[in-house]
Amino acid sequence: MADGNGSSGIADTGSLETGLLDAGLLADTLSVAMATGGEFAEVFVEDRRSTSAVLDDGRIEELSSGRDRGAGIRVVVGETTGFAHTADLSQAGLRNAAEAASAAARSGGGGVREVTLDGPSGPSSAVIGVLPADVPKARKVALLERADAAARSADGAISQVSARYGDSQRRIQVANSEGLLTGDRQIRTFFSVSCVASGDTGLQTGRESVGHTVGFELFDRVDVDDLARRAAGRAITKLGSVPAPSGEMPVVVGPGGGGVLFHEACGHGLEADLVAKSASVFAGRRGEMVATPTVSLIDDGTMAGEWGCFAIDDEGRPAQRNVLIEDGVLTDYMWDRLRARKEGREGSGNGRRQSYRHLPMVRMTNTYLEGGLDDPEEIVAGTDHGVYVAQLGGGQVNTATGDFVFGMTEAYLIEDGRLTAPIREGNLIGNGPEALLAIDAIAGDFAMGSPGTCGKDGQGVPVGDGTPTLRVSRLTVGGTAA
Amino acid sequence: MTGTRDDEAGLLAIAERVVAMAAPGEAIEAVVVHERETEVRAYEGEIESLTSAESRGIGVRVVRDGRQGFAYAGTLDADALIEVLGEARDNVEFATPDEHCAVAEPDGVPVADLDLYRSALVAHPTEAKVAMALELERLTRSADPRISGVESAEYGDSTSASAVATTTGIRATSRETGCFLSAYALAEQDGETQTGFGFSLGREPGDLDVATAAAQAAERSTRMLGSVKPASGRIAVVLDPWVSAQFLGIVAGTLNGESVQKGRSLFADRLGDEVASPLLTLVDDPTDPAATSATATDGEGLATRRNVLVSGGRLERFVHNSETARRAGTTSTGSAVRGYSSTPGVGVRAVSIRGGDRTPAELVAGIDDGVLVQGVSGLHSGVNPVSGDFSTGAEGLRIRGGELAEPIREFTIASTIQKMLTDLVAIGDDVQWLPMRAAGVTLVFGELTVSGV
């Protein structure tokens, strides 16, 4: 898509150093936002381009291109945040939005405040090898066709294949009334394959996906044929599955397959906005032993190339590595600007938003459990009767009660210390604080999991997760077998 | 944005302008939308945030020689329209040719007059919206002494207009308003915390009932206090309307032409078969103005219509958009679903079950040993609409000797979609539209697996 400039006021030279809007226009907008008072104002500018291509039922159904750009402006007056956004990046458009945000914050006192910005600064995001925009569309489409062929030739029982390619370039700029002016460019590339296998037992599905905050060079190290064969294998395996058991039992989670367990069991409960409203079971528990002493949980937005990484968060704060639980002790929560300010502390680089149309809030980045000392095979061998989950699916948590649920997309029975039959899909449920204390083995085989989209208050953001093999001594498996 | 009008006529003019740029041999479909939203959040007697938002967008589909390309933009600036059309055109050559790929043709089905727009909402002052959010927070907090906090109390509304134009002659516009109140309460007793939500929906602020939303949040949060984890076993399960609507949404999702044609529906070869209890009649009717998701035209600009999916347990129909209909040798059921940022998919919009003649209390009175499920979690992760596997986290009340007994939580219910439909033994008389694409009603299943301790 051609770059829009002129009337839109956007200056897109494709250079990493260039901001989206010039400092003068941003300062003018902030001044308007603060014209009738307020403690804080911010302009968040975003220009996002995306490409997606879908192959389904043996054909390339469509190639789709998207462009979204605009600015979100917030003004904080007392306890109230006023927010407005606009797709019109002209001076008039920005001023209108700034006035709307200011009016929304219902500023009481008067007084004009001039805002001066320090001038363009700040690092830009990850090292980008090959910009997806520079790659011919035909090459992207060819990947889909390869994946389709590989999945179909993997096994005669594969009856349907769909594959999706996606890339996005998200350029952001943050300017605020404290003089901050910074920006980032985030490139993400994604590929997934979903298969259906048909057999005497009906239909089964298998899916594999990969996504990183890198450019098209992703495919130098990811073989889509291999990804497709694994998705096909997962569906085929499940054709021979038995009903999942029902009731409480030990659950072993495989390497890379269980990050969502921590994302749900405690990650959300460590977000400062929920903690501040006492809507988390972990509120007021800093410094306490909340997990087995072998548990150390990290949220790290700096993990280069991972799905949830970035140079700055959506409030302009550099990404950080934050230790949430260290040797079983709750060390800190995750923070955005608003919550950190109320506590009189620094943020933690966890202020994120789906787009310029949304207010930022506390969000995870890449959340992972550090590896331990146990041997993965011995963990299984030491489990009499239970379930081994190679891949967890999505999950959900009620942070106030700690009750969580997540799906098993590939799992097996453990009988007498050995993996036996694959089991049908189902949910696992548990309670966060109880599950953290019930982790009785952690192996050293750490691996990152699949790319995820975390939803909170209707906003989705990309997140990563990872775990080594681990065992929870007791979770409820929601199957149908006695 | 100067020179554009955000009403339907203005949006249609933009769509027509794009369609008029079609080259010979090219079919174009343009979808143009405008939306204005307000959101007010109250917390501890103050306004936590107030958002006023306005969005516009366009999606353009170009079809040439049986191949389609698509592009969208979140703006209606004149230069963006040209860019989007150019990009959609450029994307055409990468698609695989398919004889059924085309934009919809007018089908002569009259568009229902649904009256989904209320000028009263547009005229409603912001101060009154703010006052309503504050009142909701206050009422929720004071509804019960065990309420320890209100995590969120929100007023939200939207006014949207859209237009679809095609080179085949479709010209469709729609506009609607909607508003809601929602509260999320925290209840505490003996060191235990439970949560619950309440809501009220309408087309204009006058439809909203603050007291009911607050009372519902308080009731839902306090009713789980003192709950225990039940024993595992196979017992009768009653789904309340809130839960059954979610279940219905999943079932109806498997009855779409695209899933069937692509071998992803467990009901693919079952048209005309008895797939459910004879009690079950399932209808998708977006022309019912009482439905939250009612709409007179679909994502391709065709009139929506009443479609009977299951009648007396017999599978009658799959829903289609124009492409899946052509592939199936039938006509569209007006079931194209999409936003401006995607091509038309297929789906139901407003499904409901024909109600029975007994009240929920009468149904419970007939159950000796069972559970009433009032909330579910993890439906997106525990239900596979292709295989039919069904497993969900749940909370609710035990039923003993025909009476509601202790609250229970942290258990799952599991079965398969296929089996649940035939295990349906009774339907309540309490059909009600909820904020989703389905109506809820009390449903009783003979026996499902409950996993707890």
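This is a predicted model: local features need pLDDT of at least 70, side-chain atom pairs count only at pLDDT 80 or more; totals for chains, interfaces and linings use all residues.
Reader: Let's start with strand β15 of chain A. Is β15(A) buried or exposed?
Author: Of its 13 residues, 403–415, 12 are buried, so β15(A) is largely enclosed by the rest of the structure.

Reader: How many bridges join β14 to β15(A), and how do the two run?
Author: There are 10 bridges between β15(A) and β14(A), which covers residues 385–397, and the two strands run antiparallel. One pair to look at is A:Q391, whose bridge partner in β15(A) is A:E410.

Reader: What's between those two strands?
Author: β14(A) and β15(A) form a hairpin with 5 residues between the strands. In that hairpin A:G402 has a positive phi, near 85 degrees.

Reader: And which way does β15(A) run against β16?
Author: β15(A) and β16(A), residues 418–423, run antiparallel and are joined by 4 bridges. A:Y412 stands opposite A:P422 of β16(A). These strands also make a hairpin, with 2 residues between them. In its turn, A:D416 takes a positive phi of about 50 degrees.

Reader: How many bridges join β15(A) to β17?
Author: 6 bridges link β15(A) to β17(A), residues 426–431, and the pairing is antiparallel. There, A:F406 stands opposite A:L428 of β17(A).

Reader: OK, helices. At what angle do α3 and α5 of chain A cross?
Author: Roughly 40 degrees, and their axes come within 8 Å. α3(A) is residues 137–154 and α5(A) is residues 224–239.

Reader: Which hand is the crossing?
Author: α3(A) passes α5(A) in a right-handed crossing. On the α3(A) side, the residues making the contact include A:L143, A:A147, A:A150 and A:A151. On the α5(A) side they include A:V224, A:L227, A:A228 and A:A231.

Reader: What classes of residue are in that contact?
Author: The contact of α3(A) with α5(A) has 10 nonpolar, 1 polar and 3 charged residues.

Reader: Switching to chain B. How far apart are the axes of α4 and α5 there?
Author: 8 Å, with α4(B), residues 126–142, and α5(B), residues 210–222, packing at an angle of about 40 degrees. The two are therefore oblique to each other. Their crossing is right-handed.

Reader: Which residues make the contact?
Author: From α4(B) they are B:M132, B:E135, B:L136, B:L139 and B:T140. From α5(B) they are B:V210, B:A211, B:A213, B:A214, B:A217 and B:A218. By class, this contact has 9 nonpolar, 1 polar and 1 charged residues.

Reader: Now a sheet. What's the strand order in the open sheet of 4 strands in chain B?
Author: The order is β10-β9-β8-β13, with antiparallel pairing. β10(B), residues 314–315, and β13(B), residues 351–353, are the edge strands, each pairing on one side only. Helix α6(B), residues 241–253, packs on the sheet and touches β8, β9 and β13 of chain B. The direction of α6(B) makes about 115 degrees with that of β13(B).

Reader: How many bridges join β8 and β13 there?
Author: 3 bridges join β8(B), residues 282–284, to β13(B), and these strands run antiparallel. B:L282 stands opposite B:I353 of β13(B).

Reader: Where is B:D429?
Author: B:D429 lies in the loop between β17 and β18 of chain B. It has 14 C-beta neighbours inside 10 Å, so it counts as partly exposed.

Reader: What is B:D429 in contact with, leaving aside neighbours within four places in sequence?
Author: The contacts of B:D429 are B:G355, B:G356, B:D357, B:R358 and B:T359. As for B:V33, it is 396 residues from B:D429 in sequence and 38 Å away in space, C-alpha to C-alpha.

Reader: Last topic: how many residues of each chain are in contact with the other?
Author: 68 residues of chain A are in contact with 64 residues of chain B. On the chain A side, strand β2(A), residues 59–77, gives the most, with 11 residues. That side has 20 nonpolar, 32 polar and 16 charged residues.

Reader: Which way do β2(A) and β3 of chain B run?
Author: They run parallel, and 4 bridges join β2(A) to β3(B), residues 67–73. The bridge partner of A:R67 in β3(B) is B:A73.

Methods. Residues are numbered from 1 along each chain as its sequence is written. Chains are lettered from A and ligands numbered from 1 in the order in which they are written. A residue is buried if 20 or more other C-beta atoms lie within 10 Å of its own, exposed if 12 or fewer, and partly exposed in between; C-beta atoms are placed from the backbone. Two strands pair if DSSP finds at least two bridges between them. Two residues are in contact if their C-beta atoms, placed from the backbone, lie within 7 Å. Axes are lines fitted to C-alpha atoms, for helices over the stretch in contact, and angles run from 0 to 180 degrees between N-to-C directions. Angles under 35 degrees count as roughly parallel, over 145 as roughly antiparallel, 65 to 115 as roughly perpendicular and the rest as oblique. A crossing is left-handed if the near helix is turned anticlockwise from the far one by less than a right angle, and right-handed if clockwise. Ala, Val, Leu, Ile, Met, Phe, Trp, Tyr, Cys and Pro count as nonpolar, Asp, Glu, Lys and Arg as charged, and the others, Gly among them, as polar.
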